[in-house]
Amino acid sequence: QKRNPNEPEFQQAVLEVLESFEPVVEARPELEKNGIIDRIVEPERMVMFRVPWVDDEGKVQVNRGFRVQFNSAIGPYKGGLRFHPSVNASVIKFLGFEQCFKNSLTGLPMGGGKGGSDFDPKGKSDAEVMRFCQSFITELSKHIGQFTDVPAGDIGVGGREIGFMYGQYKRLRNEFTGVLTGKGLSYGGSLARTEATGYGLCYYMKEMLAYKGTSFEGKTVAISGSGNVAIYACQKATELGAKVVTVSDSNGFIYDPNGINLDVVKDIKEVKRGRIKEYADRVPGSTYTEGQRPWSVKCDVALPCATQNEISGDDAKALIANGCKFVAEGANMPSTPEAVEAFLANGIFFGPAKAANAGGVATSGLEMSQNSLRLSWTFEEVDQRLHDIMVNIFKTCIQSAEKYGHKDNLVMGANIGGFEKIADAMLAQGVC
Ligand code: NDP
């Protein structure tokens with residue numbers, strides 16, 4: 001804490017994760033002796049830079065750019081770029097630290113990193129976004145590369161921004177390499193990346209259910225959000241035999257006892273860019289509740305797929321009281337600490353984001369593989385690999401939790417499983 005004053009997000013993330021490592025450090029004194037914990041919480045490198053750009057009025061604007069290269073023990077740094085006014089060094093370090101363990105869990109050779117800027121793309125013209133992206137990547141290009149650090153998108157960075165940055169990188173370096181992921185299909189992107197996080201979440205939940213001797217078949221599922229993760233989680237859960245009864249946005253939620261009609265959701269959100277309340281006007285029998293989240297409904301499985309801190313302690317208690325037995329996080333950090341505590345104390349089988357939503361970054365890893373091979377796999381091939389990765393992540397979580405005396409605690413299992421692989425690689429590579 002003394003070393004990182006004014007970095008509350010980073011301090012919180014480190015303290016939470018380090019708690020899970022305690023049983024491992026106790027059982028393996030060589031980790032302490034070799035300074036693994038002291039080294040793992042210290043980023044290998046962090047760059048901060050000026051991003052000057054010219055707005056449509058001809059005025060010069062200045063933003064701040066960041067990239068933390070946290071840990072490269074098991075592969076090149078990998079992690080998204082976030083463009084949002086809330087971005088600062090603490091947020092980027094917190095995200096980069098967490099990313100190391102998520103990437104490790106996928107079993108793919110990816111180290112951890114994260115970056116971004118306090119630039120706000122909202123309300124900017126395409127030309128302004130392009131000029132910003134070109135300036136940002138002009139500096140960042142000195143620090144990244146297909147064998148060094150491969151950034152991706154995150155909040156505020158989608159296909160448009162990745163395209164602008166990729167074009168400028170190619171121009172600066174005169175090379176066509178897989179330096180960024182989340183690219184368009186016409187220039188090296190991967191099929192199934194759009195579906196990956198939602199599908200992966202359901203593959204992970206499928207394993208959770210199977211471990212407890214059951215399946216999605218006939219289950220009632222509550223999903224929050226109606227964005228990318230929620231839509232594809234809804235599709236896959238329905239395909240696997242469940243009935244999804246809710247979706248939501250930041251204004252309210254839809255309850256449809258007959259099962260959500262995904263065509264209507266996609267039309268509202270992807271085509272018309274409208275609000276989810278329109279669903280109730282279009283689908284008879286469904287209801288819309290303004291200003292509330294969907295955690296008050298009766299369900300067997302909950303998949304929060306909207307945003308951080310969207311399940312409070314009271315929401316968790318409502319879910320438990322309504323018969324929910326399984327929860328897996330599609331969004332990043334949707335459950336508050338009080339909610340996680342309530343789930344674990346009441347025997348809810350709980351899959352944390354680090355494991356359950358790793359399908360997105362795993363498929364970015366598969367995009368890197370395809371770029372290196374100069375090949376594009378079919379949708380089915382990528383989907384099959386994603387499925388196998390999620391099955392393995394679940395196995396790693398279960399085995400790691402059991403090995404250190406926390407049977408069936410997937411939070412401990414995910415942290416420990418991600419950590420041990422990195423720690424072993426760091427031990428093997430000496431003091432560096
Ligand atoms: P989208 O922007 O596509 O969708 C977000 C959804 O959440 C929208 O329906 C949005 O509603 C809703 N939402 C946003 N803020 C709130 C709020 N304060 N209260 C209630 N609902 C809200 O994002 P994604 O689906 O891509 O991402 C969702 C979550 O999953 C995020 O936490 C993200 O970090 C995480 N994630 C995403 C991955 C991916 O591959 N996309 C990978 C790993 C994690 P509205 O339209 O009203 O804003």
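Reader: How many residues surround the ligand, and which are the closest?
Author: 20 residues surround the ligand. The closest are G227, D249, S250, A306 and G360. Here, a residue is near a molecule or strand if its C-beta atom, placed from the backbone, lies within 6 Å of it. One caution: this is a predicted model, where local features need pLDDT of at least 70, side-chain atom pairs count only at pLDDT 80 or more, and totals for chains, interfaces and linings use all residues. Residues are numbered from 1 along each chain as its sequence is written.

Reader: Which helix gives the largest share of that shell?
Author: Helix α8, residues 228-239, with three residues. Helices (H or I, at least four residues) and strands (E, at least two) are DSSP runs, numbered from the N terminus.

Reader: And by class, what is in the shell around the ligand?
Author: Five nonpolar, 13 polar and two charged residues. Ala, Val, Leu, Ile, Met, Phe, Trp, Tyr, Cys and Pro count as nonpolar; Asp, Glu, Lys and Arg count as charged; the others, Gly among them, count as polar.

Reader: Back to α8. At what angle do the axes of α7 and α8 cross?
Author: At roughly 50°, and the axes come within 7 Å. That makes α7 oblique to α8. Axes are lines fitted to C-alpha atoms, for helices over the stretch in contact, and angles run from 0 to 180 degrees between N-to-C directions. Under 35 degrees counts as roughly parallel, over 145 as roughly antiparallel, 65 to 115 as roughly perpendicular and the rest as oblique.

Reader: Is the crossing of α7 and α8 left-handed or right-handed?
Author: The crossing of α7 and α8 is right-handed. That term applies if the near helix is turned clockwise from the far one by less than a right angle; anticlockwise is left-handed.

Reader: What about α7 and α14?
Author: The axes of α7 (residues 193-211) and α14 (residues 359-373) come within 7 Å and cross at roughly 140°. α7 and α14 are therefore oblique to each other. Their crossing is right-handed.

Reader: How do α11 and α12 cross?
Author: At roughly 30°, with axes that come within 7 Å. α11 covers residues 313-321 and α12 covers residues 337-345. So α11 and α12 are roughly parallel to each other. α11 passes α12 in a right-handed crossing.

Reader: Now sheets. What is the order in the open sheet of seven strands?
Author: β9-β8-β7-β6-β10-β11-β12, with mixed pairing. Two strands pair if DSSP finds at least two bridges between them.

Reader: Which strands stand at the edges there?
Author: β9 (287-290) and β12 (349-351). Each has a single partner strand, so one side of each is left without a neighbour in the sheet. Neighbouring strands of this sheet are turned by 15° against each other on average, direction ignored.

Reader: How many bridges join β10 to β11?
Author: Two, and the strands run parallel. β10 is residues 301-304, β11 residues 326-328. V301 has F326 in β11 as its bridge partner.

Reader: What order does the sheet of five strands have?
Author: β1-β2-β4-β3-β5, an open sheet with mixed pairing. β1 (45-54) and β5 stand at the edges, each with a single partner strand, so one side of each lacks a neighbour in the sheet. Neighbouring strands of this sheet are turned by 20° against each other on average, direction ignored.

Reader: How does β3 pair with β5?
Author: In the parallel sense, over four bridges. β3 is residues 77-83. K78 stands opposite V150 in β5, and G79 stands opposite P151.

Reader: And β3 with β4?
Author: Parallel too, over three bridges; β4 is residues 112-117. L81 has G115 as its bridge partner, and R82 stands opposite G116.

Reader: How many residues of β3 are buried?
Author: Seven of its seven residues. Buried means 20 or more other C-beta atoms within 10 Å of a residue's own, exposed means 12 or fewer, and partly exposed is in between; C-beta atoms are placed from the backbone.

Reader: Which residues cover the two faces of β5?
Author: D149 and P151 are on one side of β5 (residues 149-152), V150 and A152 on the other. These four are all buried.

Reader: Last one. Where does N261 lie?
Author: In the loop between β8 (252-255) and α9 (262-271). N261 counts as partly exposed because it has 17 C-beta neighbours inside 10 Å.
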